Amino acid sequence: ADPAAAAPAAAAAPAKAAVSNDGKEAAAADGRLVREEARQRGAPLLRNLKLYVKAAGVFFVLGTFCYSLTQPVKYVQANALTNWIQQMEAGNEPLAGAGPTAYLAWTGAFVGLTAVAIACQNTGALPAA
């Protein structure tokens with residue numbers, strides 16, 4: 001083994017610093033700007049959900065409730081559109097009868113519920129973050 005060849009390889013390798021309690025020296029020795037963080041595995045803890053719901057308050061509950069109502073309203077809206085199309089295929093005038101009114105009313109309900117749900121979720125998420 002040639003001692004002259006081993007010397008440049010040893011000089012090129014960075015020296016490992018002693019690891020302190022916070023790990024800053026180890027991060028600096030490796031050339032990293034931040035230190036490694038510990039990660040948990042498994043499902044989120046229930047106490048984390050309780051803490052989030054407590055911080056979000058009534059907005060979280062109201063937003064979730066409004067969002068859950070959007071799906072049935074969307075279903076009724078689709079049925080109103082189907083009924084309106086069937087009325088037009090039967091020969092009725094496109095804007096005659098309850099078809100367009102029902103469809104537009106359920107569309108407005110869907111848009112309104114979605115807007116309230118998004119606003120409440122965002123308002124509740126700000127204090128919870």
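The protein chain in this predicted model has five helices and zero strands, where helices (H or I, at least four residues) and strands (E, at least two) are DSSP runs, numbered from the N terminus. Read from the N terminus on, the elements of the protein chain follow the order α-α-α-α-α. Residues are numbered from 1 along each chain as its sequence is written. Because the model is predicted, local features need pLDDT of at least 70 and side-chain atom pairs count only at pLDDT 80 or more, while totals for chains, interfaces and linings use all residues, and side-chain values use heavy atoms, with hydrogens and water left out.

Some values describe the chain as a whole. Of the 129 residues of the protein chain, 15% count as buried; here buried means under 20% relative accessible area, exposed means over 50%, and partly exposed is what lies in between (1.4 Å probe, protein chains only). The protein chain exposes about 10,000 Å², and carbon and sulfur atoms supply 65% of that area, with accessible areas taken from the Shrake-Rupley method with a 1.4 Å probe and, for residues, with only the protein chains shown counting as cover. Among the contacts in the protein chain with a separation of 6 or more, 55% are between residues 24 or more positions apart, a contact being heavy atoms within 4.5 Å.

One of its residues is T70, which counts as buried because its relative accessibility is 3%. Leaving out residues up to four places away in sequence, T70 touches F110, L113 and T114. T70 and A109 are 39 residues apart in sequence, yet their C-alpha atoms are 8.4 Å apart in space. Q77 is also found in helix α4, and with 6% relative accessibility Q77 counts as buried. When its neighbours within four places in sequence are set aside, Q77 is in contact with Y103, W106 and T107. L81 belongs to helix α4 as well, but at 30% relative accessibility L81 counts as partly exposed; L81 and L104 are 23 residues apart in sequence and 8.9 Å apart in space, C-alpha to C-alpha.

The aromatic rings give another view of this part of the chain. A pair of aromatic rings is described by the distance of the centres and the angle of the planes. Rings of Phe, Tyr and Trp (its six-membered ring) pair if their centres lie within 6.5 Å, and planes under 30 degrees apart count as stacked, over 60 as edge-to-face and the rest as tilted. A search of the whole structure finds one aromatic pair. The rings of W84 and Y103 have centres 5.8 Å apart and planes at 35 degrees, so this pair is tilted. Because W84 lies in helix α4 and Y103 in helix α5 (residues 99-128), the pair ties together parts that are 19 residues apart in sequence. W84 itself counts as buried, at 16% relative accessibility.

What does the loop between α4 and α5 hold? A98 lies in that loop, and A98 is exposed because its relative accessible area is 52%. The C-alpha atoms of A98 and N83 are separated by 9.5 Å, although these residues are 15 apart along the chain.

The cysteines call for a separate look. How many disulfides are there, if a disulfide is a pair of cysteine sulfur atoms within 2.5 Å? By this rule the count comes to zero. C66 is in no disulfide, and the nearest cysteine sulfur, that of C120, is 5.8 Å away. C66 counts as buried at 8% relative accessibility, and C120 counts as buried at 8% relative accessibility too.

Finally, the surface carries a nonpolar patch of about 320 Å², made by L62, F65, L69 and V116. Patches are made of residues with over 30% relative accessible area and no salt bridge, where like charges are joined within 9 Å and nonpolar side chains (Val, Leu, Ile, Met, Phe, Trp, Tyr) within 5 Å; a salt bridge is a side-chain nitrogen of Lys or Arg within 4 Å of a carboxyl oxygen of Asp or Glu. F65 has its place in helix α4, and F65 counts as partly exposed because its relative accessibility is 49%.

Key: Disulfide = S-S within 2.5 Å.
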